[in-house]
Amino acid sequence: MPQDDRAEPTYAEVGATRDGPLPPGYHHLRHRVLIGHGPDVMRAATDDLLEWRMHRATGARVGGAAPRARSGVRVRISLGIGPLRLVAPCLVVWAEDGERRAGFGYGTLPGHPECGEESFVLERDDDDAVWFTITAFSRPARWMTRLAGPAAPLLQRAYARAYGSALRRLAAKRGRPRLGR
């Protein structure tokens, strides 16, 4: 299915995963995981996140994306195989890349099975711990996600855990994390 480069997000609350609060009328998700410690881990994890390696490490295909996530980039995330492949067109609605905070949020475009926004944020706290947080608000947009009912949020939560594990693994290979003190 070709992607319409003029398509707008399918929801009104664009940017709410960055600025909050999360809007009512959606399922909300917050998942937080420790990635490691120190600026080397932060830099490695930031590159793995913004360059789509985290997504690919979970088995997702990333199509149409710029080499690095930035505001305005259109991307097609897909999971599964053959006729069971689920394609999710998204628009990066905000992005940042700093020494202590980095990440991006993308929102759903027409054809996505959900309606809403998801963000992926790394933060290095005052103790040098690098935390990864996924924040999302969504509701079904297609018959298949409506049919999934209460299973859809459970699958979303499981996939958030997979993202966190993948990013931690990737950053450990490149950033020499110190998990203990």
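How do E4 and E5 pair, and over how many bridges? They run antiparallel, over seven bridges. Strands pair here if DSSP finds at least two bridges between them. Some notes on the rest of the chain follow.

1. Ground rules. This is a predicted model, where local features need pLDDT of at least 70 and side-chain atom pairs count only at pLDDT 80 or more, while totals for chains, interfaces and linings use all residues. Residues are numbered from 1 along each chain as its sequence is written, and side-chain values use heavy atoms, with hydrogens and water left out.

2. Overall layout. The chain has five helices and seven strands, in the order α-β-α-α-β-β-β-β-β-β-α-α. The radius of gyration is 16 Å, close to the 16 Å from the globule rule for 181 residues, so the chain is as compact as a globular protein of that length. That radius is taken over C-alpha atoms, and the rule is 2.2 Å times the number of residues to the power 0.38. Helices (H or I, at least four residues) and strands (E, at least two) are DSSP runs, numbered from the N terminus.

3. Buried residues make up 48% of the 181 in the chain. Buried means under 20% relative accessible area, exposed means over 50%, and partly exposed is in between (1.4 Å probe, protein chains only). Of the contacts with a separation of 6 or more, 61% are between residues 24 or more positions apart; contact means heavy atoms within 4.5 Å.

4. The hairpins. E3 and E4 are antiparallel and joined by six bridges, with Ser78 partnered by Val87 in E4. Six residues sit between these two strands, and Gly80 in the turn has a positive phi of about 100°. The E4–E5 hairpin has three residues between its strands. Val92 stands opposite Tyr106 in E5, and Leu91 has Gly107 as its bridge partner in E5. E5 and E6 are antiparallel too, with seven bridges, and Gly105 is partnered by Ser119 in E6. Their hairpin has five residues between the strands, and Gly111 in the turn has a positive phi of about 100°. As for cover, seven of the eight residues in E5 are buried.

5. The cores. A nonpolar core here is a set of buried Ala, Val, Leu, Ile, Met, Phe, Trp, Tyr and Cys residues joined through side-chain atoms within 4.5 Å. The largest one has 33 residues, and those touching the most other members are Ile35, Trp52, Phe104, Tyr106, Phe120, Leu122 and Phe132. Among the elements that give two or more residues to this core are strand E1 (27-37), helix H2 (39-50), E4 and helix H5 (151-175). There is also a second, separate core of 12 residues, which includes Tyr11, Leu22, Leu91 and Leu109.

6. Trp52. Have a look at this one. Trp52 is in the loop between H2 and helix H3 (53-57), and is buried, with a relative accessible area of 1%. Trp52 has a positive phi of about 70° although it is not a glycine. Not counting residues up to four places away in sequence, Trp52 touches, among others, Val62, Pro67, Val92, Phe104 and Tyr106.

7. Asp128. Here is another residue other than glycine with a positive phi, near 75°. Asp128 is in the loop between E6 and E7, and is partly exposed, with a relative accessible area of 21%.

8. Gly15 lies in the segment before helix H1 (16-19) and counts as buried at 10% relative accessibility. Gly15 and Trp94 are 79 residues apart in sequence, yet 6.8 Å apart in space, C-alpha to C-alpha. Leaving aside neighbours within four places, Gly15 contacts Gly20, Val93, Trp94 and Glu117. The peptide bond from Gly20 to Pro21 is cis, with omega near -10°, and Pro21 lies in the loop between H1 and E1.

9. Glu96. Glu96 lies in strand E4 (residues 86-97). Beyond its neighbours within four places in sequence, Glu96 is in contact with Arg18, Leu50, Arg101, Ala102 and Gly103.
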